[in-house]
Structures are given as structure tokens and as C-alpha cells.
Amino acid sequence: MKLLPRLTAIGLSLLLTSIVQAQETELMSIYSSVRRALRENPEFKGELESVKISDAQVRRELAEFGWGLEALARYEDRSKPQNTREFIAVGGVQLPGNDERIFVDENFTARVGVKKKYTTGTVLEVGSRFSRLSNTLNRTSANALFSPEYETFTGITVTQPLLRGFGEDANLAALNIAKRRGAAQEVLTRVKAMNLVAEVASRYTDIVTADRVLAVHSENIKLAEQMLKRNKELLESNEGLVTDVTTAELALYQRQDQYITSAADKIERVNTLFALIDREPDLEGKTRFKPISTFFSGATVNGKRELIEYGQSRRLDLVYYNHVVETAKLNVLRAKDAGKAQLNVTGSAGLYGLDAEADGAFDEAARSQGTEWSLGLSLKMPLGEDGADAAMEAAEAQVRQAQLELAKAKRTISLEVHTACTRVDAAKQRIETAKKAVELATQRLKQEQDLFDAGEGDFYRVVEQQQILGDAQVNLVTSEAALSKSVIAVWLAAGQIFDRMGISNAEVEVMITRAKEKE
């Protein structure tokens, strides 16, 4: 009766131990690694910041067509001796006690207005000017109406370019360029995301491959330990040879060396992956990596022509270069406009008001006490055309350069797809060859082992065949890894990497949208 509680306690203890170990161990998969990289990779975060910068540039260009406020306030206090011309200009009156003819000005002027530029190039200004004028003349002259005098002017000014800066195409060029560059940056960010997904998947494949290679080396070490133990037992019973014991020890140390080297290689590969997902090193070795499924075997890869057609219709590289071409064309439009003469027509109209009080001056202006209107033309143009011609030539060259890059991208897609598909085919052939090599090495080892057990063989030949079998097994593992990485390369080249890795475009779109909204 006492045995059952003890067994129950032991069972609970083992269960709790397994739970603690499970909590301490982190199991990673290729899919969790990819998603973490999209969230945490520093370089990709930098790309998202570039999206925000591009969006800010668009808003800055839009701000050029918003209303702007202009305000000015100025106070003057001036005492100036009048020369003869100035003295006569104010009436030639000699004021008592002012033998030196000092003219005193105490003026305050304020101006406020709003200004807006429209997409047609039209500039509208609406403003008001207020002045408080106090001087020697209006304080002492019998002809002065008020002292001080309050004067206002409220008016509107419209400026319309007729050549340079005329029309929406010219005025929206900078905004449209910013939008195109912003769209290109978003596409480029998606391209970088695809490259990141492919890079993480490949690096994860390297780690899983390293685990399988370590497993092969571990089995070979166990086999070497068994051989060493057996040969020592044979030597102790006077049925073995010292040379066989030495050979077994040598094989054991060589295989341990291979394991140590492979273990160090795995750590390097793990840290390479951790750098991509922005994670600290696993100093205690608690991270485990889930094996890759047969989904990466290449069984679902389409034909080369189909993949090339798909890539040339879906690859985002082409969308990016299309934006680059259109941006270059907008630069041509802007250069063409900049080469034109600047001919503007300006019209203005306004109302004056004058009174002894500030409010009264505005009231008088509202009753059209005084009016003003004007209409004029202004012309500005360089006498030489070298600068404009050079700007046009540079802009047109940028268009041709962008078109060449677009054509190059189309060719590159077909070449990349063909290369990746060829590597898939080659990896499949390598796997078949490697499997056959493992099969033959297994048979050859059995033959040597049987001869040795019958007392007709050489133990060194057994060890040699074990090593050949181990190398063949490692070669099979690396061939299967090469196939997985080649399949990833095909998906990337054909623009299918998101779909195949379970990443939706909406997920990346959310990241880009959040980057724009992030403060």
C-alpha cells in the first residue's frame, strides 16, 4: 500500500521536471523565424523608416499648396535734420523753437496677410496693413486732419505665371515626383522583405542541416566507441591485436574532431540567423530547431517557362523600375519648365482708410474712402540657353538609363529563374547519387565487417569503410539541404516567396502603414 504513493510522487516529480525543461527550452521553426525577422530585423526597420521619410516628403510638397500666414510689425522713432529739399517738401514752414529744422517721426506699422499657391501656379495674397503715424507735421500743422493719424489698407493681389510655372503639370511635378519616389520606396521595402524572408529561410536550413550532420557524427562516434570497447576486450582475451586497438582509438578521436568542428560551425550558423532576427546569442544552448518539412523538396515547383512568365508578371522589381522610369519622365517635365522664361502677370486691388482712431480707419476703408488697383507684367530670363539645355539633356539621359535598368531587370528575372531551377534539378540528381552512395557504402561496410568477423579481413579496412559511409551520409544531408535552398531561390526569383512561406501581402502592408503612422 505504501508503494503506490511513492510511485505517484515519482511520477509527479518526473512530470514537473519535464514541464520545467519544456519551459526552459525554446523550439523555433522556419516560419516563426521568418516572422520574427520581419518584426525585429534592424535593416528592415531602417527600410520602414525610409518609407516614413518618403511619406513626409510627399506631405512637405503638399504643404506648398496650403495657406500660409505672413505677419510684420515695426516701430520707428526718428529725429532727422531736414535739408532744403525736405524742408520745402513739407511746406517750408519754420516751426517756433525748431531753428535746426528737426523733423520727428514716431510711427508704428503692422501688416498681416494670408497667401496660397494653387496647382495652376496662381498665387493669391489677401492682407491688411495698419499704420499709426505721429510726426512733427501732423502735430503742428493747421492743415493736419488728425494727430496721430491712423491709416489702413486692405487688398488682394493675384499673380499668374504665363510661361515658367504655368499649369498643373509644371506645378505638380515636384509633388508627383515625391509620390513616385514614395511608391518606389514602398515597393523596394517589399522587395527587401522578400529577400529577408529568403535569407532567413536559407540560414535556418543551414542550422537544420548542421543538426543532421551532428547526428551522423554522433552515430559514428558511438560506433567507434563500440569498436574500441570490443577490440580492448579481444586484446584482453588474447584474441585481438594492439594495432586494432590503436586504429579504433584513432578513429574515435578523428570522429570526435569532426563533431567538435561541426558543432562550432552550427553555433556560427545559429548566430548568423540570430543576427537576422535581432536576438541575443543562446549562451546556454536551450534553443531547438524544428526540422524542415518535405514542402521544400521541390515536388511542387512549376516548370521553368511558367515560372519565368509568372516572375516577369509578378516580380516587384519591375514595379519598382517602372516607378523609376516615370520619376525620370517627371524630371524631364520639370527641367523643360525650368528652361522657360519667367513671365508673370500681377493684379492687385485694395481700399484705404484714414481716421483719428484705429477702428475708424478700418470703417472708412470698408466705405471705400480710398481705392487702388494695379496691373503689371514682369519678365525674367537668362540670355544664354546652356544651363537649360544641360538640364534637359541630363533629365532625358536619366529616362534612358531607367529604361535600360527596367529592361535589364526583365532579363535578370528569366536568368535567375533558369539558374535556380537548374540548381533544383542538379540537387535532385545529387540526392539520388548520394542515396546510391550510402546504399553501396553500407553494403561495402557489411562486407568488410563480415570478413573481419570471420578472421579473414583487416580491421583498418572496416574503419575506412565506416568513414566512407559517414562521409556519404553527410553528403546526402548536404545534398538535401542544397535542394531546400535551391527551392527557396526559385520562389524568390519567381516572386512566390511570400505565398510559399505563408506571408500575405496584407501583413507587409500593415507594417508599412504603421511605419507611416509611427511618431
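Which residues in helix 3 meet which residues in helix 7? The legends below begin with that contact.

**View 1. Helix 3 packs against helix 7 in this predicted model.** From helix 3, Phe-44, Glu-47, Leu-48, Ser-50, Val-51, Ser-54, Gln-57, Val-58, Glu-61 and Leu-62 take part. From helix 7, their partners are Ala-174, Leu-175, Ala-178, Lys-179, Arg-181, Gly-182, Gln-185, Glu-186, Thr-189, Lys-192, Ala-193 and Leu-196. Contact means heavy atoms within 4.5 Å. The contact residues divide into 10 nonpolar, six polar and six charged. Ala, Val, Leu, Ile, Met, Phe, Trp, Tyr, Cys and Pro count as nonpolar; Asp, Glu, Lys and Arg count as charged; the others, Gly among them, count as polar. Axes are lines fitted to C-alpha atoms, for helices over the stretch in contact, and angles run from 0 to 180 degrees between N-to-C directions. Helices (H or I, at least four residues) and strands (E, at least two) are DSSP runs, numbered from the N terminus.

View 2. Two strands pair if DSSP finds at least two bridges between them. Strand 4 (residues 123–135) and strand 5 (residues 149–161) pair in the antiparallel sense over 11 bridges. Val-126 stands opposite Ile-156 in strand 5.

**View 3. Phe-153 and Tyr-352 form an aromatic pair.** A search of the whole structure finds six aromatic pairs. Here the ring centres are 4.7 Å apart and the planes lie at 50 degrees, so the pair is tilted. Rings of Phe, Tyr and Trp (its six-membered ring) pair if their centres lie within 6.5 Å; planes under 30 degrees apart count as stacked, over 60 as edge-to-face and the rest as tilted. Phe-153 sits in strand 5 and Tyr-352 in strand 7, 199 residues apart. Phe-153 is buried at 14% relative accessibility, whereas Tyr-352 is partly exposed at 27%. Buried means under 20% relative accessible area, exposed over 50%, partly exposed in between (1.4 Å probe, protein chains only).

**View 4. Tyr-320 and Tyr-321 pair edge-to-face.** Their ring centres are 5.2 Å apart, with planes at 75 degrees. Tyr-320 is partly exposed at 23%. Tyr-321 is partly exposed at 22%. Elsewhere, Phe-130, Tyr-150 and Phe-362 form one aromatic cluster.

**View 5. The peptide bond from Ser-147 to Pro-148 is cis.** Omega is near -5 degrees. Pro-148 lies in the loop between helix 5 (136–140) and strand 5.

**View 6. Asp-278 has a positive phi, near 55 degrees.** Asp-278 lies in the loop between helix 8 (242–277) and strand 6 (287–289). Its relative accessibility is 40%, partly exposed.

**Notes.** Residues are numbered from 1 along each chain as its sequence is written. Local features need pLDDT of at least 70, side-chain atom pairs count only at pLDDT 80 or more, totals for chains, interfaces and linings use all residues, and side-chain values use heavy atoms, with hydrogens and water left out.
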